[in-house]
Amino acid sequence: MTRLLTTVGALLMLGLSLDIGAALAPGKTTVLITGANRGIGLEYVRQMSERGWNVIATARKPGEAPELQALAAKHSGVVIEQLDVTDQAGIDALAAKYQDQPIDILLLNAGLTPTYPSAFKPLAGVDFDIAQQSFEVNALGPLRMSRAFMPHVTASDKKQIIVISSKGGSFAESPKFPMMYEYRASKAALDMFMYTLAFETPKKGVTVTLLSPGQVNTAQNPALAGIKRPGTIEVEESVGKMLEVIDTLTPADNGKFLNYEDRREIPW
Ligand SMILES: NC(=O)c1ccc[n+]([C@@H]2O[C@H](COP(=O)([O-])OP(=O)(O)OC[C@H]3O[C@@H](n4cnc5c(N)ncnc54)[C@H](OP(=O)(O)O)[C@@H]3O)[C@@H](O)[C@H]2O)c1
């Protein structure tokens, strides 16, 4: 009882609501997704909620996420939470709010996608501020989230941490031309963080797996808005195939980087 009151008091001091897990039905697979307001993250919310799963869908600006709000209105298992993955205090507050909620799949999807002008320029055009921001969002963000939510994942049935990486961060398979310095380096750093983490997750029974979503027709350079990029797939296909991979993961996939469509292991 004392612990409960202390927790409630701490939450009130943090200005958080008390509807802890209000819509999360017990006994169902529970997922927490970052960057759930658009693109791949939003499609994950759509497909996972259609399975009847509990989805804690996080977004930087929930008030500006009409499609996510519509999904939450349609599916009682979808709960929207505000979260910026660079905000350590915000991450800690959310982890405290859900401290008694097992999370089967921690889905680390949020990313700073290369639509910024310097992404398409060689060395002279590299933007060092964007490079630092990319490292914060794409590499440190998932590591911060993994640490804060490890107890919730460890307490669950599935015990999976799924991280959306990119072939752009692979030395072996990234495009052989000089662009996207900021993004590629941040994803390579992400891969190494997760590769390293995977050495300590087996003793907790947790599987950490990186996925490549393919080249997906999501965020675009505003100049290309409305134009389908050649060679891209639609978000429904990417997420549908990634979900098939996620469904088949076993502890043997801990520390691997897998392709969305054929489960092929992508070399670092
Ligand atoms: N699309 C592709 O072809 C492709 C290929 C390889 C890998 N990926 C990876 O797949 C993931 C999703 O990509 P996407 O195509 O869906 O990108 P997207 O459409 O640009 O969506 C990115 C998401 O990340 C969120 N985000 C950005 N910074 C954040 C922060 N600091 N804290 C929390 N959320 C933040 C965005 O929120 P806001 O709306 O608030 O900005 C948005 O919800 C990314 O990790 C990306 O690198 C994508």
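This is a predicted model: local features need pLDDT of at least 70, side-chain atom pairs count only at pLDDT 80 or more; totals for chains, interfaces and linings use all residues.
**View 1. The largest nonpolar core.** This core contains 57 residues, of which Val45, Ala57 and Leu106 touch the most other members. Helix α5 (residues 128-154) supplies the largest share of the core, 6 residues. In soluble globular proteins, nonpolar side chains tend to be buried together. When neighbours within four places in sequence are left aside, the contacts of Ala57 are Ile33, Ala36, Val45, Leu68, Val78, Val79 and Ile80.

**View 2. The surroundings of the ligand.** The ligand is surrounded by 25 residues, and the closest are Gly35, Gly39, Gly111, Thr218 and Ala219. Sorted by class, this shell has 12 polar, 9 nonpolar and 4 charged residues. Helix α2 (residues 39-50) provides the largest share of the shell, 3 residues.

**View 3. Helix α6 (residues 181-197) and its packing partners.** The 17 residues of helix α6 should span 24 Å at 1.5 Å a residue, and this agrees with the 24 Å between its end C-alpha atoms. Among the buried residues of α6 are Tyr181, Tyr183, Ala188, Leu190, Met194 and Leu197, as well as Glu182, Arg184 and Lys187. The buried residues of this helix pack against helix α5 and against the strands β5 (160-164), β6 (207-212) and β7 (257-259).

**View 4. Asn138 in helix α5.** Asn138 counts as buried because 27 other C-beta atoms lie within 10 Å, where the cut-off is 20 or more. Residues up to four places away in sequence not being counted, Asn138 touches Gly111, Leu112, Ser186, Lys187 and Leu190. Asn138 and Leu190 are 52 residues apart along the chain, yet their C-alpha atoms are separated by 6.5 Å.

Key: Residues are numbered from 1 along each chain as its sequence is written. A nonpolar core is a set of buried Ala, Val, Leu, Ile, Met, Phe, Trp, Tyr and Cys residues joined through C-beta atoms within 7 Å. A residue is buried if 20 or more other C-beta atoms lie within 10 Å of its own, exposed if 12 or fewer, and partly exposed in between; C-beta atoms are placed from the backbone. Helices (H or I, at least four residues) and strands (E, at least two) are DSSP runs, numbered from the N terminus. Two residues are in contact if their C-beta atoms, placed from the backbone, lie within 7 Å. A residue is near a molecule or strand if its C-beta atom, placed from the backbone, lies within 6 Å of it. Ala, Val, Leu, Ile, Met, Phe, Trp, Tyr, Cys and Pro count as nonpolar, Asp, Glu, Lys and Arg as charged, and the others, Gly among them, as polar. The expected span of a helix is 1.5 Å times one less than its number of residues.
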